[in-house]
Amino acid sequence: MTDVVVIGAGKFAREVARYTEESGYGVARYLAVEGEEVHAPDGTWTKLAAHPPDEGTKVVLAVSGMKQRREVIEEYITPRGWQAVNVVHPSARVDPAAIGGQGNIIGPDNYVGVRTVLGSYNVVNYRCTFGHHSRIGSGNFFAPNFHAGNSVEIGDGNFFGLACTVAPEVRIGDTCRFQAGLTLFENAASGFSYLSPSRIKAIKSTES
């Protein structure tokens, strides 16, 4: 069994640690990033800034904040020469050729179609699907139950909320945020937040 260091010690890191262990890795320790609320068990974690591992250490990036993820990659993983491993849960159906980069986390019950390729540092939570002949960039975060049709192109650094759907042949730019539950039928330009105008709101009833 290969040991890895999990970067992150919050709630999301505990979830990713489960994926990691079920994928055949051992978690040596957690490294808490600045400002993170720690949920790792006592005695299993240290602060990232105080105890960075040696060059060549195998790591799993397990913080959920998009800004924090970029900072850890740019300030720690890349300059210090750490090896960000790809975690692919055994229940996911993913061709080895689909992983074009490093540091991806692909959780349980995901499907990646034929000739679809992912870049680096994508987080694919559980029960997501990507249609065939699609291209997924790097640094994207896909919440559970994301679904994309065939021949989709997705750029870098996008965040998709719960249960988003992308129709076939749609092209999405970079650094966008998509509200949970959106269905996208048209191309999405870079740098925008996409929201649904109709949201359910609770209004307290008054007795007559």
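In what order do the 4 strands of the open sheet lie? The order is 9-12-15-18, with parallel pairing; strands are DSSP runs of E of at least two residues, helices are runs of H or I of at least four residues, and both are numbered from the N terminus. Strand 9 (117-118) and strand 18 (171-172) are the edge strands, each pairing on one side only. Two strands count as paired if DSSP finds at least two bridges between them. Strand 12 (residues 135-136) pairs with strand 15 (residues 153-154) in the parallel sense over 2 bridges, and I136 stands opposite I154 in strand 15.

The model is predicted: local features need pLDDT of at least 70 and side-chain atom pairs count only at pLDDT 80 or more, whereas totals for chains, interfaces and linings use all residues. Residues are numbered from 1 along each chain as its sequence is written, and side-chain values use heavy atoms, with hydrogens and water left out.

Helix 2 (residues 66-80) contains a kink of about 40°, centred on I73; the bend at a residue is the angle between axes fitted to the seven residues ending there and the seven starting there. I73 is among the buried residues of helix 2, which also include M66 and Y76 (buried: under 20% relative accessible area; exposed: over 50%; partly exposed: in between; 1.4 Å probe, protein chains only). G81, with a positive phi near 70°, follows helix 2.

S190 is found in the loop between strand 20 (183-184) and strand 21 (193-194). S190 counts as partly exposed because its relative accessibility is 41%. The side chain of S190 reaches the backbone nitrogen of D174 at 2.8 Å.

Conventions
A polar contact is a pair of N or O atoms within 3.5 Å; within protein, one must be able to donate a hydrogen and the other to accept it, and residues adjacent in sequence count only if both atoms are side-chain atoms.
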